[in-house]
Amino acid sequence: MDYKNAGVDIEAGYKSVELMKEHVKKTMRPEVLGGLGGFSGAFSLSKIKDMEEPVLLSGTDGCGTKVKLAMILDKHDTIGIDAVAMCVNDIACAGGEPLFFLDYIACGKNYPEKIASIVSGVAEGCLQSEAALVGGETAEHPGLMPEDEYDLAGFAVGVCDKKDMITGEDLKEGDVLIGMASTGVHSNGFSLVRKVFEMTKESLETYYEELGTTLGEALLAPTRIYVKALKNVKNAGVKIKACSHITGGGFYENVPRMLSEHTHAVIEKDSYPVPPVFGMLAREGQVEEKMMYNTFNMGIGMIVAVDAGDVDKAMEAMRQAGDTPYVIGQIKAGEKGVTLC
């Protein structure tokens, strides 16, 4: 008896590392010390010495049950972008710059080419957010997970000068809410998605005119990373007063998190186009409108609040980053919360 007969293939693990090295190499930043394969990832903090009061920000998340679709379609090269996006968007939302990322893949059996494909997506997410992929772990769990299944999670660390943190404390009545378009469902609400749509390869590969693509491609579209857009806004000299990453819980749970006491967000639902995939979800699943806005991002992945005089400058900075912004509402005085009208 040996470890391989027990279900853990060490040689496959070595091959996975070799295959993923080319992807990881692309994400390196000057601050990274050493290479892939050490017991820990080393990252120099010399560049943050110029900050008055540097603050480390961290985020950890996964892709939820969206990985099930990747497994059904046998398409694994974008799910890693989702894992990175869920972490770095949270860091950027607080005013931080993502520095580095680590991933964790748990699988029933290590298929090196599949693992390398997953990591290629992680590396792409790191490139989009300018974070270094400094390490990770691939763990085989024979007997705990089916051989063809896996789960993916990650952890990111960023930094921000305390004076530049986005806290919402300066929000006032009349501030404007700008929403940046999502790429679709992103990585939240997939337990409901999988109840609404038939989760078979045939169903997911069906083309729908209203989507302009197959159902699977629409649902697997990777989460938009907003790091560059938020950085551009800051570099344009615009103060972002508050920011909300629209993830699990949709508008009703996430928008109040950006608000200070005695401020109320009013959002106009018809101020931007809602992607057709959400219309399909509501119709096919008979999901009421409030539940849609309480579960999904409904086409807006990130919301920022700025002074009314900074709207045009902020939106232009977002466009230069490749994002599509919309003025979707404003801040009113009142009880902390959100109204959709």
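Me: What makes the link between the side chains of Ser187 and Asp82 a polar contact?

Reply: The two side chains come to 3.0 Å, and a polar contact requires a pair of N or O atoms within 3.5 Å, where one must be able to donate a hydrogen and the other to accept it, and residues adjacent in sequence count only if both atoms are side-chain atoms. The pair of Ser187 and Asp82 is therefore listed as a polar contact. The structure is a predicted model, in which local features need pLDDT of at least 70 and side-chain atom pairs count only at pLDDT 80 or more, while totals for chains, interfaces and linings use all residues. Residues are numbered from 1 along each chain as its sequence is written, and side-chain values use heavy atoms, with hydrogens and water left out.

Me: Why is Ser187 called buried?

Reply: Its relative accessible area is 6%, and buried means under 20% (exposed is over 50%, partly exposed in between, with a 1.4 Å probe and protein chains only). Ser187 therefore qualifies as buried. Ser187 sits in the loop between strand 7 (176-181) and helix 5 (190-196); helices (H or I, at least four residues) and strands (E, at least two) are DSSP runs numbered from the N terminus. Apart from neighbours within four places in sequence, Ser187 is in contact (heavy atoms within 4.5 Å) with Cys63, Lys66, Asp82, Met86 and Thr223.

Me: Why is the pair of Tyr272 and Tyr326 called tilted?

Reply: The ring centres are 6.3 Å apart and the planes stand at 40°. Rings of Phe, Tyr and Trp (its six-membered ring) pair if their centres lie within 6.5 Å, and planes under 30 degrees apart count as stacked, over 60 as edge-to-face and the rest as tilted. The pair is therefore tilted. Tyr272 belongs to the loop between strand 11 (263-267) and helix 10 (276-285), and Tyr326 to strand 13 (residues 325-333), 54 residues apart.

Me: How are Tyr272 and Tyr326 classed, buried or partly exposed?

Reply: Tyr272 has a relative accessible area of 6% and is therefore buried. Tyr326, at 21% relative accessibility, counts as partly exposed.

Me: What makes the aromatic pair of Phe43 and Phe100 tilted?

Reply: By the ring rule the count comes to 4 aromatic pairs. In the pair of Phe43 and Phe100, the distance is 5.2 Å centre to centre and the angle between the planes is 45°, which is tilted. Phe43 lies in strand 2 (residues 42-43) and Phe100 in strand 4 (residues 97-107), so the pair ties together parts 57 residues apart in sequence. Phe43 and Phe100 are buried.

Me: Why is His264 called buried?

Reply: His264, in strand 11, has a relative accessible area of 17% and is therefore buried. The side chain of His264 makes a polar contact of 2.6 Å with the side chain of Thr339. A polar atom of the His264 side chain also lies 2.7 Å from the backbone oxygen of Glu335. His264 and Lys336 are 72 residues apart in sequence, yet 5.0 Å apart in space, C-alpha to C-alpha.

Me: How do you know that Thr263 is buried?

Reply: Thr263, likewise placed in strand 11, has a relative accessible area of 5% and is therefore buried. The side chain of Thr263 reaches the backbone oxygen of Ser260 at 2.6 Å.
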